[in-house]
Every structure is written in C-alpha cells, then in structure tokens.
Amino acid sequence: FWRGVGMDCVKNNIALLSGMIELDSEVGEGTSMTITLPITLAIIKALIVKACGKTYAIPINSVMETLLIDASTVQTIERREVIELRNSTLPLTWLGDVFQLEGHSKDAESFFVAVVGLADKKMGLVVDDVVGQQDVVIKSLGNSLSFVRGVAGAADLGNQQTVLVLDVGGLMSEALRGESSFYV
C-alpha cells in the first residue's frame, strides 16, 4: 500500500536538479538504482543573509567572520564607508546598493557585516540579517546570464525559495575599485 512513496519523492527531487534516476530490478536478485546529476551542480556550505527583503547565499569559504556593529563606528574616508577592525581599515559595501534594491536604510542604529575575503584583501558586506549556515546546491545561471558580475549562480534553500549565490571575488574586485555602475 505505501511502497513507492519514498522513491517518488527521490525521483521528483532528482528531476528538480535536472537529473535522472534509473531503476533495474531482477526478481530474486534485488534492485539497483543509478542516479545521474549534471556536472554543473556543486554542493557548498553557505552563509544565508538578507538585504532589503531579499535572501542571498555567500559561500562560507569566503566568509571570515560576521559582526554586529553600531552605525556610529562607520567612518568615511575618500568617499568610502569604512570601519576600524582590529587596527585595520575595512571598506564596507552595502548589498542593497550593489543590486540597487529599494527599502534599505542606512539610518539603523546597528547592522550586520559579513567580513569576506580573498587572498590578502578583505571587505565588509553590509546586510540586514544573518539567517545562518546551510548546505546548498549551486546551479549555474548559464551563458545567457554570465555577464551578471557578482553572482556565481542560484541555489534552492529547500523551502521552495531560490536565492542568488554571490561571487565574492567579483563583488570585491569591482567594489574595491569603487565602481558600482556595472551591477545589473
């Protein structure tokens, strides 16, 4: 009566990933299953953050730490917002500004900063909320959207919510040069 319900769930989830599942059953021998997934998929651990009501995933291997800072600690040096972090200057980039999102306010008393880095460079990515860590399956956006810098792909959070996975290297190289007009 209940047999097959579990495999139906597996089949549907594999299909959502654009994969295939093959069953080969021999009476008295058993059943073998072959699951084929596209090689464009990768599972990464990500920090899930929110900015302007939108949810994003930041690959955890690029995140050095997260901070809750007072707005009063933000300074402006050469038209760039920065904070002092352990005797060094950390440039800030507001995720809402990066994607030209409506509804964020720089007037809050405190906000979250995800300190991201590559090699010897660091940057603070200002977000409204830090949701937590999660393993996500990242999917490529394909050639038609490859021009969108700062986005590595998309991921499904499992609650039928698809989010953009940020390309920290792309965000840093453009933001640290002070260009913001390239974002789509």
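A salt bridge here is a side-chain nitrogen of Lys or Arg within 4 Å of a carboxyl oxygen of Asp or Glu. I note at the outset that this is a predicted model.

**Entry 1: salt bridges**

I asked how many salt bridges the rule gives. The count comes to two.

I looked up Asp-135 and Lys-45. Their side chains meet in a salt bridge, at 3.3 Å from N to O. Asp-135 lies in strand S11 and Lys-45 in strand S3 (residues 42-51), so this pair ties together parts that are 90 residues apart in sequence. I then checked how open each partner is. Asp-135 is partly exposed, at 47% relative accessible area. Lys-45 is also partly exposed, at 39%.

Next I took Arg-86 and Glu-65. Their side chains form a salt bridge too, at 2.2 Å from N to O. This pair links distant parts of the chain, 21 residues apart. Arg-86 sits in the loop between strand S7 (80-85) and strand S8 (88-94). Glu-65 sits in strand S5 (residues 63-70).

Is Arg-86 buried or exposed? I find Arg-86 exposed, because its relative accessible area is 58% and the cut-off for exposed is over 50%. Glu-65 has 23% relative accessibility, so I log Glu-65 as partly exposed.

Side chains of opposite charge can pair when their charged atoms come close.

**Entry 2**

I moved on to strand pairing. Strand S11 (residues 129-139) and strand S12 (residues 151-156) pair in the antiparallel sense, over two bridges. I looked for the bridge partner of Lys-139 in S12 and found Ala-154.

Which residue of S13 stands opposite Ala-154? I read off Leu-164. S12 and strand S13 (residues 162-166) run antiparallel and are joined by five bridges.

I then went to the turn. S12 and S13 form a hairpin, with five residues between them. In that turn I noted Gly-158, which has a positive phi of about 95°.

**Entry 3: a charged patch**

Last, I looked at surface charge. Which residues form the negative surface patch? I list Glu-22, Asp-24, Glu-26 and Glu-29. I followed up on Asp-24. Asp-24 is found in strand S1, which covers residues 20-26. Its relative accessible area is 44%, so I record Asp-24 as partly exposed.

Technical notes
Residues numbered from 1 in each chain as written. Predicted model: local features only at pLDDT ≥ 70, side-chain atom pairs only at ≥ 80, totals over all residues. Heavy atoms only, no water. Patch = residues over 30% accessible without salt bridge, like charges linked within 9 Å, V, L, I, M, F, W, Y side chains within 5 Å. Areas by Shrake-Rupley, 256 points an atom, 1.4 Å probe, with all protein chains shown as cover. Lys, Arg positive; Asp, Glu negative; His and termini not counted. Charge placed at Lys NZ, Arg CZ, Asp CG, Glu CD. Helix = DSSP H or I, 4+ residues; strand = E, 2+ residues; numbered from the N terminus. Buried < 20%, exposed > 50% of the residue type's maximum accessible area, 1.4 Å probe, protein only. Pairing = 2+ DSSP bridges.
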